Protein chains: 2
Amino acid sequence: MITIFDVAKEANVSKSTVSRVVNNDPSVKDDTRVKVQAAIKKLNYAPSFFAKGIRTGKTKTIALLVPEYTNMFYGEMFNGVEDMAFKKGYVVVVCNTGNATSEKEYINKLLERNVDGIIYNTYNASKSTINFLEKLSQETPVVVMDELLGRNSNLNCVYTDGYNSSREAVHYLTKKGIKEIGYVKNNKSIQATKYRYQGFLQGLKECRLKYKKEYIYECTEEAKSNYMKAGKKAGEYFLSLQRKPSAIMTDIDLLAIGCSTQLIANGIKIPEEISIVGFDNIELGEISHPALTTIAQPTREMGCKAAEIIIDQLEGSERQVEKMVFTGELIVRDTTI
Amino acid sequence: MITIFDVAKEANVSKSTVSRVVNNDPSVKDDTRVKVQAAIKKLNYAPSFFAKGIRTGKTKTIALLVPEYTNMFYGEMFNGVEDMAFKKGYVVVVCNTGNATSEKEYINKLLERNVDGIIYNTYNASKSTINFLEKLSQETPVVVMDELLGRNSNLNCVYTDGYNSSREAVHYLTKKGIKEIGYVKNNKSIQATKYRYQGFLQGLKECRLKYKKEYIYECTEEAKSNYMKAGKKAGEYFLSLQRKPSAIMTDIDLLAIGCSTQLIANGIKIPEEISIVGFDNIELGEISHPALTTIAQPTREMGCKAAEIIIDQLEGSERQVEKMVFTGELIVRDTTI
DNA sequence: CTGTTAGCGCATTCAA
DNA sequence: TTGAATGCGCTAACAG
């Protein structure tokens, strides 16, 4: 391995001087700098990651925690995180907390490896996890990407405002002349959707539409991991209604697609008879037929912003809790009139 | 920070003894071991990642390089890699080479951070990348997950045998009484599919089916990143044929789904008139209608195996090139008779 | 079986 | 503006 010492010898200076050049210390004379840089280049020198870490305690590494890898949502987010991290000289490690026995143990393992900051995603965080994260964030920058967590904690956060996004979607449908809107709620296991439904209710109020209990369908617990099927069940439910809503909003896209599929299979014309609106803008929504109208989260930007917050707090002087809220964008395709 | 020295003081032994206990040196007397372990626990000591690295040169880190994050195939593979890595005390970092300007530069950056091994995925590797990887693998364990690379290099590799998988699919269709099989080739940008088509041709020979040039459709270059659309075009092509094949195999699932969609939209009954077989078993194939018959790669096991090879080579004594070939599994669903 | 000692490569005083 | 000296926390001889 080629060390700082070799460079020093080559350039006829001391180790300290080389160290100064490497760390951009301005107090180095220009021609010594040039000399040293030449030596560095010639020897193809790269500072030892460890030796550097042992002195600085930093690894230039950000951990991205996700509950599931095989979810393109996190893939996109990863892209955003990496965009920013790479630009700033950081490396991202992704970790799947869904597999790990204990999330906290996992995080501790990461901390042992001296990750500099943590971006935390979850489907469902316990109160004790929140406490843990809050304590943790006193020493290590943490960003949570979850609306519920973001609102109810003292943590940095980045999320899409499900409440207002749904609310606005109701306004959109209303403007199209729709007066009766149903809703498909997922079961409780994913907390991100919590405020979406509430935004829907608020939208109803604002648009002076009446709330009809029978227009609200909540997925059964067993449908949990198969949203497509759950959506179909929701479709069946609406089919069974004497009087049907003229639009249906859903907590997530797959529910919308399943529902729409089931309705079509039973002769309902979409969007002529019933409009459908999803949430999340998964890829499938674009390919499926008819293409799904949905609310898109700016996932990539969100990841980018999260990384930026971490890095700013790492490199800046003061730290204050940052709350970054994005608004979902309604993407109108073929399931709405 | 609490160091080995603090533990030594607490347990009334020397640093070396603590180090021995931590590293499971058998030559430590049992009661000293117990004493030290108690001290470690009491002080909640964890060895410094850096100090350790500076001495051993190892990080217990494996890099997984993928050309794209938002591809669930790699998500699944990641799960496999992590299963094994986690079990063995390694951490996985995923890196997107698709974004990076220069792949080699990226790899070098990882090497500077002392990743212990590299699992390399690609859509399309240049000759110079192969050389680079071959040279690299002399010092650092490398596993390539690509059939073309795997066959034509001296590198460790793990891949699914596209050749035989396709070949066997032809046999399967033949047993079902199908005598005329078409094929949708993707364009050349993804080398993984290279041998699939060749396996198809071989299957034709073995089953004494005749090769008909007009039954082979190759996607145009512009269809590149939209396989769904490309598949639809393929469907149109087959529609235009006077005499149609009674089955169509494709290089990848999305092509199959697009093709099937287009055929159905034009009144062809699937699978009664034409059977369709995809490749890869993407999730969409399962939800789409009719559910797609396809060839599944054991993606998760592949990732697991790749990690295992890396770790074995890291921890074992001799190193010899390992070639691990999996066979795809035909998953019969509703697009085949 | 255990302690002593000498670095690993670097950043950072303190002197010059 | 530079160099010499010190120590970060650990492992690995070597001695005992």
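The legends below describe several close-up views of a predicted model.

**View 1. Helices H1(B) and H3(B) pack against each other in chain B.** Two packed helices are described by the angle between their axes and the distance between the axes. Helix H1 (residues 4–11) and helix H3 (residues 30–43) of chain B pack at an angle of about 125°, with 9 Å between their axes, and H1(B) and H3(B) are therefore oblique to each other. The crossing of H1(B) and H3(B) is right-handed. On the side of H1(B), the contact is made by Asp6(B), Val7(B), Glu10(B) and Ala11(B), while H3(B) contributes Lys35(B), Val36(B), Ala39(B), Ile40(B), Lys42(B) and Leu43(B). Sorted by class, the contact of H1(B) with H3(B) has six nonpolar and four charged residues, with no polar ones.

**View 2. Helices H9(B) and H10(B) make a right-handed crossing.** Helix H9 (residues 162–175) and helix H10 (residues 194–206) of chain B pack at an angle of about 40°, and their axes are 7 Å apart. From H9(B), the residues in this contact are Gly162(B), Tyr163(B), Ser166(B), Arg167(B), Val170(B) and His171(B), and those from H10(B) include Tyr195(B), Arg196(B), Phe200(B), Leu204(B) and Glu206(B). By class, the contact of H9(B) with H10(B) has five nonpolar, seven polar and three charged residues.

**View 3. Helices H11(A) and H12(A) pack against each other in chain A.** Helix H11 (residues 227–240) and helix H12 (residues 253–265) of chain A pack at an angle of about 45°, with their axes 6 Å apart, and H11(A) and H12(A) are therefore oblique to each other. H11(A) passes H12(A) in a right-handed crossing. Among the residues of H11(A) that take part are Tyr227(A), Met228(A), Gly231(A), Gly235(A) and Phe238(A), and among those they meet in H12(A) are Leu254(A), Ile257(A), Gly258(A), Cys259(A) and Leu263(A). By class, the contact of H11(A) with H12(A) has 11 nonpolar, five polar and two charged residues.

**View 4. Three residues of helix H6(B), namely Tyr106(B), Ile107(B) and Leu110(B), are buried.** An α-helix has 3.6 residues a turn, so residues three or four places apart point the same way. The cover over the buried residues of H6(B) includes helix H5 (72–87) of chain A, together with strand S1 (61–66), strand S2 (91–96), strand S3 (117–120) and helix H7 (127–136) of chain B. Just after H6(B), Asn114(B) takes a positive phi of about 60°.

**View 5. Helix H4(B) has Phe49(B), Phe50(B) and Gly53(B) as buried residues.** Seen down the axis of H4(B), the buried residues fall within an arc of 90°, so they line one face of the helix. The buried residues of H4(B) pack against helix H4 (49–56) and H6 of chain A.

**View 6. Asn114(A) lies in the loop between helix H6 (103–112) and strand S3 (117–120) of chain A.** Although Asn114(A) and Gly53(A) are 61 residues apart along the chain, their C-alpha atoms are separated by 8.8 Å. Leaving aside residues up to four places away in sequence, Asn114(A) touches Gly57(A) and Thr59(A), and also Phe49(B) and Phe50(B).

**View 7. Asn96(A) is a buried residue, with a relative accessible area of 3%.** Asn96(A) is found in strand S2 (residues 91–96) of chain A. The C-alpha atoms of Asn96(A) and Glu68(A) are 5.9 Å apart in space, whereas the two residues are 28 residues apart in sequence. Beyond residues up to four places away in sequence, Asn96(A) touches Val66(A), Pro67(A), Glu68(A), Tyr69(A) and Tyr106(A), as well as Asn79(B) and Glu82(B).

**View 8. Backbone details include the cis peptide bond from His289(A) to Pro290(A).** Most residues other than glycine have a negative phi, and most peptide bonds are trans. The bond from His289(A) to Pro290(A) has omega near -5°, and Pro290(A) is found in the loop between helix H13 (283–287) and strand S10 (293–296) of chain A. The peptide bond from Ile270(B) to Pro271(B) is also cis, with omega near 10°, and Pro271(B) sits in the loop between helix H12 (253–265) and strand S9 (275–280) of chain B. Asn24(A), which is not a glycine, has a positive phi of about 55°; Asn24(A) is exposed, with a relative accessible area of 58%. Asp280(B), in strand S9 of chain B, has a positive phi near 125° and counts as buried at 19% relative accessibility.

Notes: Residues are numbered from 1 along each chain as its sequence is written. Chains are lettered from A and ligands numbered from 1 in the order in which they are written. This is a predicted model: local features need pLDDT of at least 70, side-chain atom pairs count only at pLDDT 80 or more; totals for chains, interfaces and linings use all residues. Side-chain values use heavy atoms; hydrogens and water are left out. Axes are lines fitted to C-alpha atoms, for helices over the stretch in contact, and angles run from 0 to 180 degrees between N-to-C directions. Helices (H or I, at least four residues) and strands (E, at least two) are DSSP runs, numbered from the N terminus. Angles under 35 degrees count as roughly parallel, over 145 as roughly antiparallel, 65 to 115 as roughly perpendicular and the rest as oblique. A crossing is left-handed if the near helix is turned anticlockwise from the far one by less than a right angle, and right-handed if clockwise. Contact means heavy atoms within 4.5 Å. Ala, Val, Leu, Ile, Met, Phe, Trp, Tyr, Cys and Pro count as nonpolar, Asp, Glu, Lys and Arg as charged, and the others, Gly among them, as polar. Buried means under 20% relative accessible area, exposed over 50%, partly exposed in between (1.4 Å probe, protein chains only). The arc is that of the directions from the helix axis to the C-beta atoms.
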